[in-house]
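Me: I've got a protein open and I'd like a quick tour. Can we go through it piece by piece?

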Amino acid sequence: MSKETTVTVTQEAATNRIFAEIDWRKILVDKKANPREDFGDIKGLADEIRAVGRILEPLLVRKNPDDTFPLEHGNRRILALEKLEDDGFKVQTVPVEIVPDSFDRKQSLISHLIRNNGKPLTSLEQGNVFKLLEEMGLSRKEISSRWDLG
């Protein structure tokens, strides 16, 4: 029961950023890759998506050769889409930004801190991200100066 996916791709030449509109069911979620423990008000987020009729902020994904997309950022929006689908409201496609293969785990964690336009990470979640970044070789000084922590 394979369904072919149509992907509309645009590219911002100046930044080399690639955007697409994809079937959100092709997005793979690795719950262990997300530093978030508190997902907040998913029902409220689902209600906002229902009111607009779609997700506005692109999810951050990678692209696999098999036309699936591992999720880097957007777990709350995926949970909201799942809730909407359970409630009978269908959203077919979502906007995504496809990150390059060179986008590594350290960059993903940093991105969780600086690109988070939704529910902020809790202090505990931020601390966990900082600890992971430290384990990946960033000094406390680099971490604190990057996020203006003193």
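Me: What is the mean pLDDT of the protein?
Reply: This is a predicted model. Its mean pLDDT is 78, and 68% of the residues reach 70 or more.

Me: Which element has the lowest mean pLDDT, and which the highest?
Reply: Strand E1, residues 8-12, has the lowest, at 53. Strand E3, residues 27-28, has the highest, at 95.

Me: OK, the layout. How many helices and strands?
Reply: Five helices and six strands. From the N terminus, the order is β-β-β-α-β-β-α-β-α-α-α.

Me: How much of the protein is buried?
Reply: Buried residues make up 39% of the 150 residues. The accessible surface comes to about 9200 Å², and 51% of that belongs to carbon and sulfur atoms.

Me: And what share of the contacts join residues at least 24 apart?
Reply: 70%, among contacts between residues at least 6 apart in sequence.

Me: Now the inside. Which residues of the largest nonpolar core touch the most other members?
Reply: Ile27, Ile49, Leu59, Val61, Leu81, Val94 and Val96 do. The core has 21 residues.

Me: Why do nonpolar side chains end up together?
Reply: In soluble globular proteins, they tend to be buried together.

Me: Let's pick one core member. What is isoleucine 49 in contact with?
Reply: Leaving aside neighbours within four places in sequence, isoleucine 49 contacts Arg54, Ile55, Arg77, Ala80, Leu81, Leu84 and Val91.

Me: What span should H2 have?
Reply: At 1.5 Å a residue, its twelve residues should span 16 Å. The end C-alpha atoms are 17 Å apart, which agrees.

Me: What follows H2?
Reply: Glycine 88, which has a positive phi, near 90 degrees.

Me: Where is lysine 83?
Reply: In helix H2. Lysine 83 counts as partly exposed because its relative accessibility is 27%, and the cut-offs for that class are 20% and 50%.

Me: Which residues does lysine 83 touch?
Reply: Lys43 and Ala46, not counting residues up to four places away in sequence. Lysine 83 and lysine 43 are 40 residues apart along the chain, yet their C-alpha atoms are separated by 7.4 Å.

Me: On to H4. Which of its residues are buried?
Reply: Glu125, Val129, Phe130 and Leu133. Seen down the axis of H4, they fall within an arc of 140 degrees, so they line one face of the helix.

Me: What about the other side?
Reply: There, Ser123, Leu124 and Glu135 are exposed. Just after H4 comes glycine 137, with a positive phi of about 110 degrees.

Me: How far apart are the C-alpha atoms of leucine 60 and glutamate 97?
Reply: They are separated by 5.0 Å, although the two residues are 37 apart along the chain.

Me: And threonine 93, where does that lie?
Reply: In strand E6. Threonine 93 is partly exposed, with a relative accessible area of 28%.

Me: What does threonine 93 touch?
Reply: Glu21, Ile22, Asp23 and Trp24, not counting residues up to four places away in sequence. Threonine 93 and aspartate 23 are 70 residues apart in sequence and 4.3 Å apart in space, C-alpha to C-alpha.

Me: Last one. What is the phi of aspartate 67?
Reply: Positive, about 65 degrees, although aspartate 67 is not a glycine. Aspartate 67 lies in the loop between E4 and E5. At 19% relative accessibility, aspartate 67 counts as buried.

Note on methods: Residues are numbered from 1 along each chain as its sequence is written. This is a predicted model: local features need pLDDT of at least 70, side-chain atom pairs count only at pLDDT 80 or more; totals for chains, interfaces and linings use all residues. Side-chain values use heavy atoms; hydrogens and water are left out. Helices (H or I, at least four residues) and strands (E, at least two) are DSSP runs, numbered from the N terminus. Buried means under 20% relative accessible area, exposed over 50%, partly exposed in between (1.4 Å probe, protein chains only). Contact means heavy atoms within 4.5 Å. Accessible areas come from the Shrake-Rupley method with a 1.4 Å probe; for residues, only the protein chains shown count as cover. A nonpolar core is a set of buried Ala, Val, Leu, Ile, Met, Phe, Trp, Tyr and Cys residues joined through side-chain atoms within 4.5 Å. pLDDT is the predictor's confidence in each residue, from 0 to 100. The expected span of a helix is 1.5 Å times one less than its number of residues. The arc is that of the directions from the helix axis to the C-beta atoms.
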